[in-house]
Amino acid sequence: MNSVVEKFEHVMMPIAGKISSNKYLLAMRDSFSMLLPFIIVGSFFGIIEWVVLDPWGTIMGPDGLGLGRTFTGLEQTSDAYKASSFVGTMQMLQGLCNNVVTVGFGVFSFLLVAAFAYRLGGIWGGDKFSTALTAIGAFIIVTPQQVVGKAGDKMARSASIISATKVSSRPSSSRRSPRGSS
């Protein structure tokens with residue numbers, strides 16, 4: 001038995017040594033370990049939202065423990081249950097938990113970029129702060145931005161910029177065409 005373990009160690013230790021000395025993986029490991037509290041908080045509120053507070057989910061729903069029926073005394077497929085204050089309260093609490101999850105993981109992704117760049121800048125011997133600041137700037141540039149209209153319709157910011165550019169770049173009748181003829 002020891003010979004099998006020794007052979008396994010003999011083969012795997014050089015591979016594990018190369019993987020553990022990879023600078024990018026070291027920076028990623030350190031970044032994730034620094035941001036572990038955000039992962040834990042976001043995941044905790046996600047579990048509360050999706051499992052506990054869902055009126056038709058695992059805890060409250062008819063296919064799970066059925067506590068929604070126990071608390072309200074109403075059949076969960078009825079319109080009275082859907083219109084009850086219990087369901088309204090559960091959905092309101094779900095919305096609050098959803099906000100925590102969304103903000104938690106949004107901040108997590110932002111900070112992960114900064115932490116990864118900061119750590120990688122230190123590994124490569126550069127200025128840590130300027131490396132992190134550059135990475136944050138690049139992250140903001142490449143992340144799609146959205147504008148929410150009055151009716152709740154989402155419109156991509158780039159689409160609104162493109163449409164505004166098309167409107168402003170229409171040739172007027174007094175302007176000459178590039179070929180010189182009007």
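**Entry 1**

I began with Arg119, which counts as partly exposed because its relative accessibility is 32%. My cut-offs are under 20% relative accessible area for buried, over 50% for exposed, and partly exposed in between, with a 1.4 Å probe and protein chains only. The model is a predicted one, in which local features need pLDDT of at least 70 and side-chain atom pairs count only at pLDDT 80 or more, while totals for chains, interfaces and linings use all residues. Residues are numbered from 1 along each chain as its sequence is written, and side-chain values use heavy atoms, with hydrogens and water left out.

I then looked up salt bridges, taking one to be a side-chain nitrogen of Lys or Arg within 4 Å of a carboxyl oxygen of Asp or Glu. The structure holds three. Arg119 pairs with Asp30 at 2.4 Å, N to O. I noted that Asp30 sits in helix H2 and Arg119 in helix H6, so this pair ties together parts that are 89 residues apart in sequence. Helices here are DSSP runs of H or I with at least four residues, strands are runs of E with at least two, and both are numbered from the N terminus.

Asp30 also has a salt bridge to Arg29, at 3.1 Å, N to O. I record Arg29, Asp30 and Arg119 as one linked network of salt bridges. Are Asp30 and Arg29 buried or exposed? Asp30 counts as buried because its relative accessibility is 16%, whereas Arg29, at 51%, counts as exposed.

The remaining entry on my list is Arg69 with Glu75, whose closest N and O atoms are 3.4 Å apart. Arg69 is partly exposed at 45% relative accessibility, and Glu75 is partly exposed at 39%.

Ile123 and Ala27 are 96 residues apart in sequence, yet their C-alpha atoms are 7.8 Å apart in space.

Ser84 is in the loop between helix H5 (79-82) and H6. I logged Ser84 as buried because its relative accessibility is 14%. Leaving aside neighbours within four places in sequence, Ser84 contacts Thr72 and Leu74.

**Entry 1. Helix H3**

I checked the length of helix H3 (residues 36-52). The expected span of a helix is 1.5 Å times one less than its number of residues.

Which residues of H3 are buried? I listed Gly42, Gly46 and Glu49. Down the axis of H3 the buried residues fall within an arc of 65°, so they line one face of the helix; the arc is that of the directions from the helix axis to the C-beta atoms. What they pack against is helix H6 (85-123).

**Entry 2. Nonpolar patch**

I looked for patches, which are made of residues with over 30% relative accessible area and no salt bridge, like charges being joined within 9 Å and nonpolar side chains (Val, Leu, Ile, Met, Phe, Trp, Tyr) within 5 Å. Phe8, Val11, Met12, Ile15, Ile19 and Leu25 form a nonpolar one on the surface, with about 570 Å² of accessible area together. Accessible areas come from the Shrake-Rupley method with a 1.4 Å probe, and for residues only the protein chains shown count as cover.

Helix H1 (residues 2-20) supplies the largest share of the patch, five residues. Leu25 is found in helix H2 (residues 23-34), and I noted that Leu25 is partly exposed at 45% relative accessibility.

**Entry 3. Whole chain**

Last, I took the totals. The chain has eight helices and two strands, in the order α-α-α-α-α-α-α-β-β-α along the sequence. Of the 182 residues, 19% are buried. Among contacts with a separation of 6 or more, 50% join residues 24 or more positions apart.

Conventions. Contact means heavy atoms within 4.5 Å.
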